[in-house]
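Have a look at the sequence and fold first.

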Amino acid sequence: MVKILNEKGDTLGSGFIIREDGYLITCHHVIYLLPSLRVNYQGKEYASQWCQEYSNPEVDIAILKIKIENAKPVKIVNFQAGLNCVTVYGFPREKEKNFPEGFDVNADKITVSAPLNLLSTYPNNKIEYKNPWNKLPDKSSNFLTHRINAKVDRGKLNGA
């Protein structure tokens with residue numbers, strides 16, 4: 001698990017390591033207003049780079065890279081292979097003091113839900129910086145959502 005930090009060092013959102021060489025995934029709506037990209041992984045702060053070629057703001061995906069070796073990636077499964085349960089990872093703000101490393105919540109019974117207008121998930125449309133990641137998705141961007149039977153608090157990121 002990683003914490004996405006703002007310029008004051010506060011946790012804005014969460015993400016998780018997907019490769020041992022420091023690639024991680026988070027939601028684009030977590031980073032789009034930030035002047036710089038910093039994460040906390042295992043108690044240490046890292047400057048991170050936005051990997052534009054792998055990120056897709058139109059589906060709310062941001063891939064970041066930190067300089068690290070032997071990071072511990074989460075297990076990624078192929079949804080098309082018949083996934084019927086999911087693990088939700090994150091740092092819910094109200095529980096971060098008690099669980100600073102985050103925690104997992106297992107859920108089952110995934111069902112397809114309504115398409116979501118992506119722009120509606122972005123809390124602020126006023127962008128102050130001019131970094132490549134400081135952009136909004138297109139107004140017409142939608143993606144298919146899925147419903148799971150576990151409570152997902154603000155600050156959690158769904159595992160794939």
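## Surface and burial

The chain exposes about 9600 Å², and carbon and sulfur atoms supply 49% of that. Areas here come from the Shrake-Rupley method with a 1.4 Å probe, and for residues only the protein chains shown count as cover. Of the chain's 160 residues, 43% count as buried (buried is under 20% relative accessible area, exposed is over 50%, and partly exposed is in between, with a 1.4 Å probe and protein chains only).

A word on the model: it's predicted, so local features need pLDDT of at least 70 and side-chain atom pairs count only at pLDDT 80 or more, while totals for chains, interfaces and linings use all residues. Residues are numbered from 1 along each chain as its sequence is written, and side-chain values use heavy atoms, with hydrogens and water left out.

## Fold

Take the contacts (heavy atoms within 4.5 Å) with a separation of 6 or more: residues 24 or more positions apart account for 68% of them.

## Salt bridges

Searching the whole structure turns up two salt bridges, each being a side-chain nitrogen of Lys or Arg within 4 Å of a carboxyl oxygen of Asp or Glu.

D21 pairs with R19, their closest N and O atoms 2.6 Å apart. D21 is partly exposed at 28% relative accessibility, and R19 is partly exposed at 40%.

R38 and E45 form a salt bridge at 3.4 Å, N to O. R38 is partly exposed at 24%, as is E45 at 46%.
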